Amino acid sequence: MAPPDGQRLSGRDIDKARVNDGYFIRFCSSQIAEVPHTLREELAVKSIVRFYEYMRRLLFLLFLLTSSYGFSEECKSPDVKGGLGKIIKDLPVSDVTVIAYKSFSPRIQWLGLYWEGPVSGALIAYDCAGRFLSGVTTGGIQTLKFFYGPKALQPTVAVEEISTGTGYYRVGYTIYTIQNNNIRKVWEHTRHESVSVIPSEDAHVDDFEIIPSGSPPNDFGTRLRVEGVRKVFPVGNNRSFDFRIEKLATKFYCWNKTSITYKQCK
């Protein structure tokens, strides 16, 4: 199933995608309210929603006035179909989900794509004028977020991408940057992996948490700690319900400015 937080475009008409103005205005104030049961509750909910909408607009304005990354002009919508055609031979026939993010320094429009049959995707970068810069094929991208790491990495995004196969499902976490108008993979690690390929062997499900040394939520700093847990499902009729939990070894990754990546360290 395609991720719910993107824009769905038909496979025959994926020429344009609506790009939002950045991660800091993705907040939806209407999500704070449940369905009101009385007129008084309804009025109270509307007042709260209006207040948060006002504060959101105010904070956005202050950001533009005080930050050197802000810009007033709107970027031109990119040609998604044309950009995708530059990096893959055959365009997908299924619906394509497009997740958009706009970075500010420099002004880059990032598009994360997801489609099925089989699950695949792409990460494409455009300039503010809508011109294609670079693109790479990926798994099916389900999230595309701002990543703030060492200065040499900017501008950078982190994506969660899905890969599937017979008895296999994986969600990968990958950091990308753009240098000299080329997208470059900086670091990757598994976020979730489920393996049950061979019936005569134990199946397992791994889950990992990536913990940065910087300040949350977006400053990843120069050191990453990765902790993992494995569920092991023994061979047998009840292996869907009978499992044991094993803690995986904690690993550390340190920023290496020479190779511009995070390398495993102690």
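Is Phe243 buried, partly exposed or exposed? Phe243 is partly exposed, with a relative accessible area of 36%. Keep in mind that you're looking at a predicted model.

- Eight strands make up an open sheet, and their order is 6-7-8-9-10-11-12-13.
- The pairing in this sheet is antiparallel.
- Strand 6 (140-146) and strand 13 (261-265) are the ones at the edges. Each has a single partner strand, so one side of each is left without a neighbour in the sheet.
- From one strand to the next, the twist averages 30°.
- As a bit of background, strands of a sheet pair through backbone hydrogen bonds, either parallel or antiparallel.
- Take strand 12 and strand 13 as an example: they run antiparallel and are joined by five bridges.

**Salt bridges**

- There are six salt bridges in the structure, and three of them are worth a look here.
- Glu160 pairs up with Arg191, and their closest N and O atoms are 3.0 Å apart. This pair links distant parts of the chain: Glu160 sits in strand 7 (residues 156-165) and Arg191 in strand 9 (residues 182-195), 31 residues apart.
- How covered are these two? Glu160 has a relative accessible area of 16%, so Glu160 counts as buried. Arg191 comes in at 23%, which means Arg191 is partly exposed.
- Glu227 forms a salt bridge with Arg225, again with 3.0 Å between the closest N and O atoms. Glu227 is partly exposed at 27% relative accessibility, and Arg225 is partly exposed at 30%.
- Glu246 forms a salt bridge with Arg244, and here too the closest N and O atoms are 3.0 Å apart. Glu246 has 29% relative accessibility and counts as partly exposed, while Arg244 is partly exposed with a relative accessible area of 40%.

**Aromatic rings**

- A search of the whole structure turns up six aromatic pairs.
- One of them is Trp187 with Tyr253, an edge-to-face pair with 5.2 Å from centre to centre and 70° between the planes.
- Trp187 belongs to strand 9 and Tyr253 to strand 12, so this pair ties together parts that are 66 residues apart in sequence.
- Trp187 and Tyr253 are both buried.
- Another pair is Phe233 with Phe243, which is tilted: the centres are 5.2 Å apart and the planes make an angle of 45°.
- Phe233 lies in strand 11 and Phe243 in the loop between strand 11 and strand 12, so the pair ties together parts that are ten residues apart in sequence.
- Phe233 is buried, at a relative accessible area of 13%, whereas Phe243 is partly exposed at 36%.
- Rings also gather into a cluster, with ring pairs linking Trp187, Tyr253, Trp255 and Tyr262.

**Back to Phe243**

- You'll find Phe243 in the loop that runs between strand 11 (223-233) and strand 12 (244-256).

Key:
Residues numbered from 1 in each chain as written. Predicted model: local features only at pLDDT ≥ 70, side-chain atom pairs only at ≥ 80, totals over all residues. Heavy atoms only, no water. Helix = DSSP H or I, 4+ residues; strand = E, 2+ residues; numbered from the N terminus. Buried < 20%, exposed > 50% of the residue type's maximum accessible area, 1.4 Å probe, protein only. Pairing = 2+ DSSP bridges. Axes fitted to C-alpha atoms, helices over the stretch in contact; angles between N-to-C directions. Salt bridge = Lys/Arg side-chain N within 4 Å of Asp/Glu carboxyl O. Phe/Tyr/Trp six-rings, centres within 6.5 Å; stacked < 30°, edge-to-face > 60°.
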